[in-house]
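Please keep the sequence and the structure in view while reading.

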Amino acid sequence: MKAIFIAYNQAYGEEIVELLDDHGQRGFTQWIDIQGRGGEQGEPHYGSHAWPTENYAILTFVPDDKAPLLMDALKKKDEKYPDLGLRAFEWTIDGMV
């Protein structure tokens, strides 16, 4: 099993959830209205007057065979809209209850 953490600009709205639906991924946890700043060249997302946008984040757990397809779809979405900001991180889950 793989865990995939996705942090993305609020402008994507429900698109990321729809992407999960398109890949048959039902379960996830979502955080909305979170603040952050990209490590490379992204603008801050602080929800303030100077930096009004914020981010959302999703954590989902997927079977090993679904992870590459989902990561590829996320990469394509990020490449299509590089100024919005989208990052996805994948790691192996050794156990769960």
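A residue is called buried when its relative accessible area is under 20%, exposed when it is over 50%, and partly exposed in between. Phe61 has a relative accessible area of 40%, so this residue counts as partly exposed. The model discussed here is a predicted one. It contains two helices and four strands, which follow the pattern β-α-β-β-α-β along the sequence.

**Overall form**

- For 97 residues, a compact globule would have a radius of gyration near 13 Å, and the 14 Å of this protein agrees with that value.
- Along the principal axes, the C-alpha atoms fill a box of roughly 40 × 30 × 25 Å.
- Of the 97 residues, 31% are buried.
- The accessible surface of the protein amounts to about 6500 Å², and carbon and sulfur atoms account for 52% of this area.
- When contacts between residues at least 6 apart in sequence are considered, 72% of them join residues at least 24 apart.

**Helix α1 and its buried face**

- Which residues of helix α1 are buried? In this helix, residues 15-22, they are Ile16, Val17, Leu19 and Leu20.
- Seen down the axis of α1, these buried residues fall within an arc of 155°, and they therefore line one face of the helix.
- Gly24 follows α1 and has a positive phi, near 70°.

**A nonpolar patch on the surface**

- Phe61 belongs to strand β3, which covers residues 55-62.
- Together with Met1 and Met96, Phe61 forms a nonpolar patch on the surface.
- The accessible area of these residues together is about 320 Å².

**Two glycines in loops**

- Gly85 is located in the loop between α2 (67-80) and β4 (86-92).
- Is Gly85 buried or partly exposed? Its relative accessible area is 28%, which means that Gly85 is partly exposed.
- Beyond its neighbours within four places in sequence, Gly85 is in contact with Ala7, Tyr8, Asn9, Tyr12 and Asp78.
- Gly47 is placed in the loop between β2 and β3.
- With a relative accessible area of 42%, Gly47 is also partly exposed.
- If residues up to four places away in sequence are not counted, Gly47 touches Pro52, Thr53 and Glu54.
- Gly47 and Asn9 are 38 residues apart in sequence, while their C-alpha atoms are 11 Å apart in space.

- Most residues other than glycine have a negative phi.
- What is the phi of Asp33? It is near 55°, a positive value in a residue other than glycine.
- Asp33 has its place in strand β2.
- Asp33 has a relative accessibility of 45% and therefore counts as partly exposed.

How values were computed. Residues are numbered from 1 along each chain as its sequence is written. This is a predicted model: local features need pLDDT of at least 70, side-chain atom pairs count only at pLDDT 80 or more; totals for chains, interfaces and linings use all residues. Side-chain values use heavy atoms; hydrogens and water are left out. Patches are made of residues with over 30% relative accessible area and no salt bridge: like charges are joined within 9 Å, nonpolar side chains (Val, Leu, Ile, Met, Phe, Trp, Tyr) within 5 Å. Accessible areas come from the Shrake-Rupley method with a 1.4 Å probe; for residues, only the protein chains shown count as cover. A salt bridge is a side-chain nitrogen of Lys or Arg within 4 Å of a carboxyl oxygen of Asp or Glu. Buried means under 20% relative accessible area, exposed over 50%, partly exposed in between (1.4 Å probe, protein chains only). Contact means heavy atoms within 4.5 Å. The arc is that of the directions from the helix axis to the C-beta atoms. The radius of gyration is taken over C-alpha atoms; the globule rule is 2.2 Å times the number of residues to the power 0.38.
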